[in-house]
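Have the 3D view open as you read.

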Amino acid sequence: MRMFLLISLLSLVCGASALIIFAGGLPEAPAGFDGATNGATSQGDMDAARDVFTEIETPQVGLGPVYNDVSCVACHQNQAVGGASQTLEFRAGHYDGGRQSWRRDVRHRFDTNGSSGTYVAATAVLANGMLIPNRSLINQRATCAAAQEHLTNADNIRAGRLSLPIFGDGFVEAVPDATLLALAKQNGGEAIQVPVVEMNGVTAIGRFGWKDQHASLLSFAGDAYVNEMGVTNSLFQDESVTGVCAPQTQLNDTQGDINQFATFMRSLKVPPRNLPTDATALSDVAAGQAVFEKIGCATCHTETMVTAPTGTSILGGSLIVPAAIGGKQFHPFSDFLLHDIGTGDGIVQNGPDDTANKLRTMPLWGLSTRTQLMHDAGSATFTEAIERHKREATAAERKFDRLADTERILLFAFLGSL
Ligand code: HEC
Ligand code: HEC
């Protein structure tokens, strides 16, 4: 019986993926929060890389002068190393010129700005008076008093960004750009070209971060090391704040830690489903998935993705897709594209200006491990999160509003199973 229901669940999966991605017959990416490698690296290499990911940095080895936390794991662990956390990062900026039209989303922690004019990233003011211009990420910690960052009234756009899980990201990295471009054509989402930092002059379609700011896990690792922890590395050699708190002049990451971070992340399995065990509940999940598809949620929350074949050269030749990653199907429930669903925070990162109020479709895999929802942590329940879906998601949200209670319960059973 269980087997039969699982098969019908799978056929639903395939039904939706018929949108454009043909996954039929391809093996599934391995799932689990068990700390075991997905096969891309040996267990020994993954464990060694995890040790670096969980290492606590000190000012003596490069932490700061400004930072947000002391190790990758501090913001990336839930149920297993590689999860998310409740950390809410702080971004800011303002608009120059043009008309400021303020948009207030009822459940938003911060005002949002749907303004015309040009976005300008914030200028942080250090306690010692130094100005740090053109930086939307405001670091909330410092290794000495002089470097504590503050904002001025001028930077009136304030945004929170919740930490993201990393499970399965090695598979996401190996999705061909062409897949994301085709999806964008189909559902109106925006795919942006972002630099592959480790390959001078090479770009690829962004898929990581709330703003799709990176395409490569190695690029993200270098960026996070310098921006979250203040640890300079071969990809990001400049700190945002220099000359204070016993400044270090040499490059901080001399051991190639960023490669270890990438190795660890590329070894992680995808998040496992949280499927109920009894048959009735399992059939409710399948029925709820049908509701999810019927009301248009799957347009953006794309169920199935397929990685490039084993041996494909990606990211400008810097990565060859290994057999453990290549030719697999997996189920992120995201198109990894940017959309304006009315929750935008006005901040521009690696994309063009029109991305100011867009966010990446949050992948719904692992949803059952999340307590606060949406980029700003502004929603706590499925209903709250869904009711904030407007603009590009208006049609789906209206259909949700009109669901019968029984259908809503099924939809929530499905969401809870992710
Ligand atoms: C202070 C908390 C914090 C620390 C420390 C931190 N991160 Fe993150 N991480 C975040 C937040 C918040 C996001 C979402 C950021 C965004 O997109 O604006 C994120 C996103 C990511 C993502 C994108 C995941 C995805 O699927 O889109 C990767 C990869 C990542 N971090 C890797 C790292 C690595 C590697 C380190 C250590 C060098 C690290 N992070 C340190 C908070 C942190
Ligand atoms: C037009 C694209 C689009 C459609 C259609 C859409 N979503 Fe979303 N969804 C998004 C984006 C973008 C986000 C992230 C928004 C943010 O964080 O501000 C999101 C976030 C979410 C979240 C929060 C997840 C988390 O972990 O924070 C849930 C739950 C969700 N969507 C469910 C749904 C459901 C259910 C439907 C159908 C009623 C739906 N979505 C339709 C684009 C869409």
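Start at Thr343, where a polar side-chain atom lies 2.6 Å from an oxygen atom of ligand 2. That is a polar contact, meaning a pair of N or O atoms within 3.5 Å; within protein, one must be able to donate a hydrogen and the other to accept it, and residues adjacent in sequence count only if both atoms are side-chain atoms. This is a predicted model, where local features need pLDDT of at least 70 and side-chain atom pairs count only at pLDDT 80 or more, while totals for chains, interfaces and linings use all residues. Residues are numbered from 1 along each chain as its sequence is written, chains are lettered from A and ligands numbered from 1 in the order in which they are written, and side-chain values use heavy atoms, leaving out hydrogens and water.

Now for ligand 1. Its iron atom has His76 (NE2) as the only protein donor, at 2.1 Å (donors are N, O and S atoms within 2.8 Å of the metal, or 3.2 Å for Na, K and Ca; water is not among the atoms, so sites may look incomplete).

Last stop, His339: this residue is buried, at 3% relative accessible area (buried is under 20%, exposed over 50%, partly exposed in between, with a 1.4 Å probe and protein chains only). Its side chain makes a polar contact of 3.5 Å with that of Thr361.
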